[in-house]
Amino acid sequence: MDAILEQFISYMKDGSDEAAQATDINQILQELIVQYKPLKIIYQPQSLPKIQIRSLSIKRMIGNLINNARRYGAEPLYLAASLIGNSIVVTVRDAGQGIQAEQVQDLMQPFVRGDAARSTQGSGLGLAIVKRITELHGGAVELRNHPDGGLEVTVSLPLYPDDDEPREAATSPR
């Protein structure tokens with residue numbers, strides 16, 4: 001019951017009270033890799049510009065994705081961040097069996113759990129939290145079964161969430 005309440009509070013606290021700041025997404029990913037040791041996570045950092053984000057919220061969001069991949073998928077987990085157009089795209093993929101295609105869109109709704117999650121603990125809020133935090137940043141989330149196996153979640157975060165004008169802090173390389 002405590003875990004469910006904690007996730008519900010996490011869902012309600014979307015991070016909108018946190019100030020956005022120029023952040024190195026690679027640093028967040030490296031911190032999460034250390035936090036989740038000894039979990040086998042494959043990650044090759046790329047040179048990326050800083051991005052205006054609420055870093056604690058983004059860290060919570062990516063942590064939820066890693067937790068889901070660990071809980072419902074299989075190791076190794078693949079983590080990636082790349083610059084595509086005017087967005088930084090973060091991908092988390094597991095090496096499990098994936099999910100049924102008809103469940104993909106429903107899983108991001110609050111309190112919806114996939115078939116593989118029915119026998120484990122959880123509230124069905126993890127991916128809803130991911131979606132909510134991503135949308136707070138003006139981004140988008142996509143779930144799909146990867147051709148090589150496993151579920152792949154892609155989060156696109158715009159470099160310039162409020163407008164299309166580049167900002168000095170967001171465009172300086174790391």
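Which residues are buried in α4? In this predicted model, G126, L127, A128, I129, V130, I133 and T134 of α4 are buried, where buried means under 20% relative accessible area (exposed is over 50% and partly exposed in between, with a 1.4 Å probe and protein chains only). Local features were taken at pLDDT of at least 70 and side-chain atom pairs at pLDDT 80 or more, while totals for chains, interfaces and linings use all residues. Residues are numbered from 1 along each chain as its sequence is written, and side-chain values use heavy atoms, with hydrogens and water left out.

The chain has 5 helices and 7 strands. Helices (H or I, at least four residues) and strands (E, at least two) are DSSP runs, numbered from the N terminus. From the N terminus on, their order is α-β-α-β-β-α-β-β-α-β-β-α. Of the 174 residues of the chain, 48% count as buried. The accessible surface comes to about 9400 Å², and 48% of this surface belongs to carbon and sulfur atoms; areas come from the Shrake-Rupley method with a 1.4 Å probe, and for residues only the protein chains shown count as cover. Among contacts (heavy atoms within 4.5 Å) between residues at least 6 apart in sequence, 67% join residues at least 24 apart.

Helix α3 (residues 55-72) packs against helix α4 (residues 126-136) at an angle of about 150°, with the axes 9 Å apart. Axes are lines fitted to C-alpha atoms, for helices over the stretch in contact, and angles run from 0 to 180 degrees between N-to-C directions. The angle makes α3 roughly antiparallel to α4; angles under 35 degrees count as roughly parallel, over 145 as roughly antiparallel, 65 to 115 as roughly perpendicular and the rest as oblique. The contact is made by S57, I58, R60, M61, N64, L65 and N68 of α3, and by G126, L127, I129, V130, I133 and T134 of α4. These residues divide into 7 nonpolar, 5 polar and 1 charged. Ala, Val, Leu, Ile, Met, Phe, Trp, Tyr, Cys and Pro count as nonpolar, Asp, Glu, Lys and Arg as charged, and the others, Gly among them, as polar. The crossing of α3 and α4 is left-handed, that is, the near helix is turned anticlockwise from the far one by less than a right angle (clockwise for right-handed).

Helix α3 also packs with α2, at an angle of about 45° and with the axes 10 Å apart. That makes α2 oblique to α3. The crossing of this pair is right-handed. Helix α2 contributes I25, I28, L29, E31, L32 and Q35 to the contact, and α3 contributes S55, I58, K59, I62, G63 and I66. By class, there are 7 nonpolar, 3 polar and 2 charged residues.

I33 lies in helix α2 (residues 25-35) and is buried, with a relative accessible area of 14%. Leaving aside residues up to four places away in sequence, I33 touches I41, Y43 and L79. I33 and L79 are 46 residues apart in sequence, with C-alpha atoms 9.2 Å apart.

Most residues other than glycine have a negative phi, and most peptide bonds are trans. The peptide bond from K37 to P38 is cis, with omega near 10°, and P38 is in the loop between α2 and β2 (41-43). The bond from E75 to P76 is also cis, with omega near 0°; P76 is in the loop between α3 and β4 (77-84). Helix α4 is followed by G138, with a positive phi near 75°.
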